[in-house]
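Dear colleague,

I am passing on a structure that I have been going through, and I would be grateful if you looked it over with the notes that follow it.

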Amino acid sequence: MKIGVFRGYSRALKNKYEEGKTTEYSYRGIFESFLKFLFSNKEEYQIKAIKVTQEPGKETFGAPDFKIFTSKGIIGYIETKHPDMDLHKLPKRDKHQIKRYSERLDNFILTNYRDFILYQNGEKVEEVLLIDENFNLIESNIERFQRLIDRFLSFTIPKIQEPELLAKILAQRTMILKDIVLEKY
């Protein structure tokens with residue numbers, strides 16, 4: 001991975017931040033371009049065309065900011081927050097949202113565009129700070145970030161071979177169905 005792309009991403013975030021009065025949405029174009037570059041050459045997973053959709057619409061579990069998918073199906077979702085938001089000290093509303101996503105989504109990333117947390121099967125599995133609070137790229141973390149992205153892209157739903165795993169998967173699906181029923185009635 002070319003370090004220039006990471007430096008450009010860091011610089012673009014900083015420039016946007018310095019404009020002042022930004023929201024979480026202000027950074028999405030920069031982030032989407034960054035994602036598309038990261039996902040453009042992933043032949044090692046035999047993924048030909050990874051698509052990135054911003055604001056894909058409300059699903060039964062909520063409305064994550066990005067949906068990542070191929071012609072074969074959904075890879076996962078990404079939820080973004082403002083760069084000033086500490087992902088470890090989220091406001092109550094956001095904590096509830098992330099809890100709901102982690103319980104209902106098999107594969108998703110939470111980010112404030114600088115810090116990235118990967119959740120798989122309801123568990124936090126990896127985290128990396130790519131850009132510090134002053135929007136400086138932490139070059140020593142690029143490799144860890146790439147591993148997080150690779151793990152996100154290579155995620156597959158496990159084959160059910162044990163009753164405990166089946167129970168967990170069915171419980172997740174039941175929560176989604178409960179949300180649908182509550183939403184409609």
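Between which two elements is the place of F135? In this model, which is a predicted one, F135 sits in the loop that runs between β6 (123-129) and α4 (142-153). Its phi is near 65 degrees, a positive value in a residue that is not glycine, and with a relative accessibility of 5% F135 counts as buried, because the cut-off for that class is under 20%.

A positive phi is also found at K21, another residue other than glycine, where the angle is near 45 degrees. K21 belongs to the loop between α1 (3-18) and α2 (28-39), and its relative accessible area of 89% places K21 among the exposed residues, since exposed means over 50%.

The other item concerns the second largest pocket, which holds about 200 Å³ of space. Its lining is made up of E24, Y25, R28, E55, A63, D65, E79, K81, R93, D94, Q97 and Y101, and by class these residues divide into eight charged, three nonpolar and one polar. Which helix gives the most to the lining of this pocket? That is helix α3, spanning residues 92-104, which contributes four residues.

With best regards

Methods. Residues numbered from 1 in each chain as written. Predicted model: local features only at pLDDT ≥ 70, side-chain atom pairs only at ≥ 80, totals over all residues. Heavy atoms only, no water. 1 Å grid on protein atoms, 1.4 Å probe; cavity = no way out; pocket = protein on both sides within 12 Å on 5 of 7 lines; lining within 4 Å. Points joined across faces, edges and corners; volume = space filled by probe spheres on them. Nonpolar A, V, L, I, M, F, W, Y, C, P; charged D, E, K, R; others polar. Buried < 20%, exposed > 50% of the residue type's maximum accessible area, 1.4 Å probe, protein only.
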